[in-house]
Amino acid sequence: MNWKGIFQKIGRLRVIAGYIFVFVFFIFSKPDFSLLYLALPLIFFGIFLRTWSAGCITKKKELATRGPYSITRHPLYFGSFLIGFGFTILGGIKWTFLFLIGFFIFYIPKIIVEEDWLRNAYGEEYERYRKEVPLFFPRTFRFRKGGFRWERVKNNREYYLWLGALLFFGFYYLKGKLFL
C-alpha cells in the first residue's frame, strides 16, 4: 500500500478517534471551569468558523476561495482544532496535550490527501490559490467576501456541531457541578 492509501485510512479514522477521545475525555477528565474565560472564546470562534466555512463550500463541485477559505485553506479543520483545544483546556494540560497529538496524527494525513485531491481536481486554479492562502494557521485576516449561504450550512449538516457542542458542554458542566 502506498502513502496515499495509508493516509486515506488514517484520515477516515479521525472521526472514530474523535468520538472515542470525547468519550474518554468526558469520563476521565476533571472539569476546571477556572479557565472558562480562555476556553469559551476558542470554542465559540471554532463553531463560528466551521459554520461560516460550511456556508461557503460546495464540496467537490467548485474550489472554495471566498470567506474563510481566503484566510486558510482548511477552515473547517481549523475550526475543529479550536473547538477541541477549547474543550480540552477545561480538562487540564494533559488532555490538551493528548488532543494536540491526536489532532495532528489524524488531521495531517487527511489534509495531505485532500491537498493532493484538490491539486488534481482544480489544477492551475488550485496552485494559484495554494500560493496565496496558508495551509492551516491564518497569517492575515484580509479576506474575500462572499459565497456564504445558509442552505449550504444545512446541506453540510453543520447544525449537528452546534447541538453536539451544546450537549457536551451542558453535560460536562453538570459533571463538574454534581460529581466533583
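The model is predicted, so local features need pLDDT of at least 70 and side-chain atom pairs count only at pLDDT 80 or more, while totals for chains, interfaces and linings use all residues. Residues are numbered from 1 along each chain as its sequence is written, and side-chain values use heavy atoms, with hydrogens and water left out.

**Exercise 1.** Classify the ring pair Y126 and Y129.

Solution. Step 1: rings of Phe, Tyr and Trp (its six-membered ring) pair if their centres lie within 6.5 Å; planes under 30 degrees apart are stacked, over 60 edge-to-face, and the rest tilted. By this rule there are 37 aromatic pairs. Step 2: the centres of Y126 and Y129 are 6.0 Å apart and the planes make 55°, which gives a tilted pair. Step 3: both residues lie in helix α4 (residues 93-132), 3 residues apart, about one turn of the helix. Helices here are DSSP runs (H or I, at least four residues), numbered from the N terminus.

**Exercise 2.** Decide whether Y126 and Y129 are buried or exposed.

Solution. Step 1: buried means under 20% relative accessible area, exposed over 50%, and partly exposed in between (1.4 Å probe, protein chains only). Step 2: Y126 has 0% relative accessibility, so Y126 is buried. Step 3: Y129 has 6%, so Y129 is buried.

**Exercise 3.** Classify the ring pair F168 and Y172, and state the burial of F168 and Y172.

Solution. Step 1: the centres are 5.3 Å apart and the planes stand at 20°, so the pair is stacked. Step 2: F168 and Y172 both belong to helix α6 (residues 159-178), 4 residues apart, about one turn of the helix. Step 3: F168 is buried at 14% relative accessible area, and Y172 is buried at 0%.

**Exercise 4.** Find the ring under K60 and the ring under K175.

Solution. Step 1: a charge sits over a ring if NZ of Lys or CZ of Arg is within 6 Å of the ring centre and within 35 degrees of the ring normal. Step 2: K60 lies over the face of W117, 5.9 Å from the ring centre. Step 3: the charged end of K175 sits over F26, 5.5 Å from the centre of the ring.

**Exercise 5.** Describe the largest nonpolar core.

Solution. Step 1: a nonpolar core is a set of buried Ala, Val, Leu, Ile, Met, Phe, Trp, Tyr and Cys residues joined through side-chain atoms within 4.5 Å. Step 2: the largest core has 37 residues, and Y69, F81, F87 and F136 have the most contacts inside it. Step 3: α4 gives the largest share of this core, 9 residues.

Technical notes
Helix = DSSP H or I, 4+ residues; strand = E, 2+ residues; numbered from the N terminus.
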